[in-house]
Amino acid sequence: MKLMVYNSYYLSLFVNPEYPVTIVAFQYLKTKFDIPASRKLKLPRPRLQKLLGDSAINKTVLVSAAAGYGKTSAIIDWTKVRQEPFAWISLDETDNDPMRFFGYLREALRRILPNLGETEEYLSSYPTLPIATTLNSLLNALADTRQSLFIVLDDYHIIESPEIHEMMTYFIHHAAVGINVIISTRQDPPLPLDRWRVQGELLEVRQKDLCFSREDVSILLNQMMKLDLSNSDIAALTRKTEGWIAGLQIAALFLEEREDRSGSISGFTGSHSHIMNYLMEEVILRQPESIRSFLQETSILDELSESLCNRVTGRTDSRELLERLSVSNQFISQLDDRQQAFRYHHLFGDVLKSLLNRQHPETVSELHHRASQWYEENKLLDEAIRHAFKGGDQVRAIGLIEIYSTTALEKGERKTFRNWLNLLSDEVIRERPTLSLIHAWTIMNDKTRAADELFHERLDGAETVIKEQGDRLQLGSVSNLIPLAWLKDTITLLRAIFTFERGEPAGLFLPELEKQMQNTAPRLRGVMLFLTAHIQIRAMDLDKALETLDDAVSLARAENYLYLATYATYLKAWIYYQSGKLRQALYTCQSGFDSLVQSGNKSVERLSFGSALRIMEAAVLIEWNRPGEADEILDKALYSLKKTTEVGIIIHGVVCQHEARSLLDVDPETLKASITDLFKMERYHSSLGDLVQVMEMCFSSRVGNPPLDIDNVEVLREKLEIESGYFAHELSYYQNYDWLLSSRLARIRLFLSHCSEAGDVPDEKTGMRIISYLKEQLRGAASWGLTKWSVEILVMQAIYHELTGSLEDAVKQLERALDLAASEEMIRVFLKNGLLLKHSLNEIRNRGKYKDFIDRVFSEMKQVKRGLGLSANDNVDLLSTRELEVLKLIDEGCSNQDISSHLYISLNTVKTHIAHIYDKLEVNRRTKAVSRAKQLGILR
């Protein structure tokens, strides 16, 4: 398990635990999920519908064209004829925040799939957990539904966030069969369209597919709108507009009241935009004054409703006007089936705003102010803030941001807040401690020198202002009070998290953190204890960390804070496990799980808290070589846990499951699936690159049958990377210690195993590097009380010495390892490396030491080999796999040259293998070697 801190996670745990700070619940704009209503005048387009109908075989449908070509209308019509459910999201500029975008995606899916799974309830409870880690949870939940569906992302061109593009690429690539994404956009998005196109996973609907043909124009204008235009007029209008649907609609409205329609058509000149502006202004200016003023005043709104329009315009007849405009098809779209929400066509709205700014600029600020008030009253603070800024009312915007700040901590919307703060002057931010804290939080993850300096500047500035205030600070435009204690605790925790994540000597910060905990709220104190334990672990004060975790668990249980209680217990078990106290680790997990069950909370299994503890329990069982029990536990735990966001624990479970199954008679394809899972998680977990590359090699080496994928020893040497300075730097960050050490030992073990297979001995330089590295890490592991790793390192040293012929040195190191491992029955490390240690183990056994333990190692190695389909004969280990291959070819009558060609090894290597065979079988001729091997049961 990699110890990690998500700062938004820590903040979300303690935000508003007891303090009377207003938390504004996040309100989804419901109409963004509604499929807009079809237009009254709907032109049948069978060719286009047939094209879209082919999308069932594609994962992605790209509907790309300029504004006004009917992209949305085409998709709306298509939803009417498909049987699958559609999850619809109408995007706007505020959705560029990755957290918000992902929240809307989850909510859209939940609305059409009420049985999407308990996963989404869990994710909704912890919305600040990193998006990247929740993608797999959502994808798994969708796959479990086995439901075909379409996800429509309308107006995707608005999305500019690289993180969102990356997220959607991953989502589409890994979505289950039947999950299709429809992207409506004015321009091609930066997604891997070329790759999807080559793979046959992309259906493209382009501008040429959407534009009206001459026949379509005739049906629209003559049959449906009764304009009675001549064929030449139809042809001219089609040519001038190039089938541009918006232009044709405006032209139709314009021509309805013209007597000389042919003459009016010939007067259309210029580009599309010029035609649109001209025609729209003509249409708008012909409206009665009451409707014209209503159109212009409401043009500042992205969504139109009776209540909102009445507030902004000061009218009482907004509903009647909206319905009249909708019936007359005056470029207004109905957003729901209840006729309660509408919006203007984008181009029409742009023209209206242009007219408003040109004709009545003095009213713009007041209109935005009224809109901001309405949104605030309806608890839609995001929209309220946006209109406050657009209306130039910075004071109001600041007050709303402060109110929204606690909700921001819960939602994790860094980008949204950073964009808002960028609109404020540095002086304004420094004067407001809440804004300073939010700004520090938004830049914490930047990890640049400038961002780090600004982070400290913001916190220092906030402290200065707080000292100058009274007992409480008043937020903005409402009497919503926030205690100074909450601000102080936030500053303390932000500094602690910052220090921890930068790998700085966080121990120096502990006294202040511990002092702050004395008088803070219990829930917040529990989170601070959890962070303190992480800091103590990094400082390698494991005993103190265990005491701190005990306090955290006790406090969390008293507060019925199951999440914190569970993961503090998991961390305790992890420390015991690393310290080689396997029985204590197992007891901790089991007692923690029992406490969850006894809590009476029926959601224990639903929230998957217990699964983390079961994974640690399985890890202990694997160390005791009980793979069957471990696999049964892991199968259930991972099924539940993979639907959560605990990536580090999930990876721990996947690695354990692979190791357990490698000891059982499991289909090789099933084993490969574990590697595939790790690679999928690595894509969104930057710390795993080294782990996954190494673990794949490590897993390829199974007890009793190590089929090495890498044939060239030089390649392995390059992968060792055991320069002491490099490792000393990496290991200064303890939270990476276990994975780093595991990966390095895996590489060394694989290298030594390959040398044994090839009958090779490491050269002196490489050998010195290996021993030097192992000794250095042994000193550290021993001083820190990491018994498990001490045993692993001692075993690696013994393997090296046995391979180089230094049997006495090998025995010495192996005895030290047995001294540490035997009392806790830590047998797995010896089974894993038994083939490379057989001479040392036999020697120790012959001396009468650890006889029972070593007999068990040999016995269970034979059982493993039976499961792998190998002989359990005691003599099977006498020859290496490669030596056995050589001997079989000798038995077939092959010459040395034949063996060299068949095995792709040099003639000298063949001779070396034969010499080793003679030595081990105590013979001096090829025929005697074959005969002796058959007597021993090595050959049949």
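## Basis of the description

Because this is a predicted model, local features need pLDDT of at least 70 and side-chain atom pairs count only at pLDDT 80 or more, while totals for chains, interfaces and linings use all residues. Residues are numbered from 1 along each chain as its sequence is written, and side-chain values use heavy atoms, with hydrogens and water left out.

## The protein as a whole

The secondary structure comes to 50 helices and nine strands, where helices (H or I, at least four residues) and strands (E, at least two) are DSSP runs, numbered from the N terminus. Of the 940 residues of the protein, 58% count as buried; here buried means under 20% relative accessible area, exposed means over 50%, and partly exposed lies in between (1.4 Å probe, protein chains only).

A contact is counted when heavy atoms lie within 4.5 Å. Among the contacts in the protein with a separation of 6 or more, 71% are between residues 24 or more positions apart.

## Helices and their packing

Helix α4 (residues 98-112) and helix α7 (residues 162-174) pack at an angle of about 35°, and their axes are 9 Å apart. These axes are lines fitted to C-alpha atoms, for helices over the stretch in contact, and the angles run from 0 to 180 degrees between N-to-C directions. On the α4 side, Pro98, Phe101, Phe102 and Leu105 take part, and they meet Glu163, Ile164, Met167, Met168 and Phe171 in α7.

Helix α3 (residues 71-79) is mostly covered, since seven of its nine residues are buried, and these are Lys71, Thr72, Ala74, Ile75, Ile76, Trp78 and Thr79. In helix α10 (residues 214-224), the buried residues are Asp216, Val217, Leu220, Leu221 and Asn222, and they pack against α11 (231-241) and α12 (245-256). Just after α10, lysine 226 takes a positive phi of about 55°.

## Aspartate 154, a buried charge

Aspartate 154 lies in strand β3 (residues 149-154) and is buried yet has no salt bridge, with the nearest side chain of opposite charge, that of arginine 343, 4.5 Å away. For charge, Lys and Arg count as positive and Asp and Glu as negative, while His and the chain ends are not counted; a salt bridge is a side-chain nitrogen of Lys or Arg within 4 Å of a carboxyl oxygen of Asp or Glu.

The side chain of aspartate 154 does make polar contacts, one of 3.0 Å with the side chain of threonine 72 and one of 3.1 Å with the side chain of serine 184. A polar contact is a pair of N or O atoms within 3.5 Å; within protein, one must be able to donate a hydrogen and the other to accept it, and residues adjacent in sequence count only if both atoms are side-chain atoms. Not counting residues up to four places away in sequence, aspartate 154 touches Thr72, Trp88, Ile89, Ser90, Leu91 and Ser184.

Serine 372 lies in helix α19 (residues 364-377) and counts as buried because its relative accessibility is 0%. Leaving out residues up to four places away in sequence, serine 372 touches Ala384, His387, Ala388, Arg396 and Leu400.

Serine 299, by contrast, is placed in the loop between α15 (289-297) and α16 (306-313), and its relative accessibility of 3% is why serine 299 also counts as buried. Apart from neighbours within four places in sequence, serine 299 is in contact with Tyr344, Gly349, Leu352, Lys353 and Leu356.

## Salt bridges

Side chains of opposite charge can pair when their charged atoms come close. In this model the count comes to 42 salt bridges. In one of them, the side chains of aspartate 382 and arginine 100 meet at 1.9 Å, N to O. Aspartate 382 lies in helix α20 and arginine 100 in helix α4, so the pair ties together parts that are 282 residues apart in sequence. Both aspartate 382 and arginine 100 are buried.

Glutamate 629 forms a salt bridge with arginine 626, and the closest N and O atoms are 2.9 Å apart. Glutamate 629 is partly exposed, with a relative accessible area of 39%, and arginine 626 is partly exposed at 33% relative accessibility. Elsewhere, salt bridges that share partners join Glu93, Asp302, Glu383, Arg386 and Lys390 into one network.
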